[in-house]
Amino acid sequence: MFKESKKKLSTPATDTLLANGTSFEGTIEAEANIRIDGHFQGDIYSTRTIVIGESAVVRSDIIARDVILAGKVFGSITTEGRLTITSTGELYGNTATPTLVISEGGVLNGTSQMNQTMDAESPAAIDKSEDENQSSFSQDIEDSQASLQPEAG
């Protein structure tokens, strides 16, 4: 008769699981969703979503499409989509992501860089943009200095 309303963060289906009570050291490369509830040390690369569960302690650099962080990560996280730090999540390191969501109680102890999609910000495009900004800035300085010079007459 009455419906109970619960807000719950939807997590993707788990293809690979490192369960609570399990420790692993190495490199994970996957084209699948990964969930870690144990201890992991190494690097993680996934073209899908990585979920770091509440009991997880991860010492890793993570690169993935999306990351949901409910445990502890010591290292950097780079995503192409979204990094979600839940109220129990703790990131001690840097992040580069187009979308960053931190719930109340979540911890980010590091720097965050908000990028558009990785394809739009290729290194060549960034270098060209910086060169254009520098030359525009230099021209602005020259113009302002010229306007401060007294007119000869």
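This note comments on the fold, the surface and the aromatic contacts of a predicted model.

1. Overall fold. The protein contains 13 strands and one helix.

2. Contacts and surface. Among contacts in the protein with a separation of 6 or more, 5% join residues 24 or more positions apart. Of the 153 residues, 29% count as buried. The accessible surface is about 10,100 Å², and carbon and sulfur atoms contribute 47% of that area.

3. The F24 and F40 pair. The whole structure holds two aromatic pairs. One of them joins F24 and F40, which are stacked with 5.7 Å centre to centre and 15 degrees between the planes. Because F24 belongs to strand β2 (residues 23-30) and F40 to strand β4 (residues 39-46), the pair ties together parts that are 16 residues apart in sequence. F24 is partly exposed, at 40% relative accessibility, whereas F40 is buried, with a relative accessible area of 2%.

4. The F74 and Y92 pair. F74 and Y92 are also stacked, at 5.1 Å centre to centre with 15 degrees between the planes. F74 lies in strand β7 (residues 72-74) and Y92 in strand β9 (residues 90-92), so this pair links distant parts of the chain, 18 residues apart. F74 counts as partly exposed at 30% relative accessibility, and Y92 is partly exposed with a relative accessible area of 30%.

Technical notes: Residues numbered from 1 in each chain as written. Predicted model: local features only at pLDDT ≥ 70, side-chain atom pairs only at ≥ 80, totals over all residues. Heavy atoms only, no water. Helix = DSSP H or I, 4+ residues; strand = E, 2+ residues; numbered from the N terminus. Buried < 20%, exposed > 50% of the residue type's maximum accessible area, 1.4 Å probe, protein only. Contact = heavy atoms within 4.5 Å. Areas by Shrake-Rupley, 256 points an atom, 1.4 Å probe, with all protein chains shown as cover. Phe/Tyr/Trp six-rings, centres within 6.5 Å; stacked < 30°, edge-to-face > 60°.
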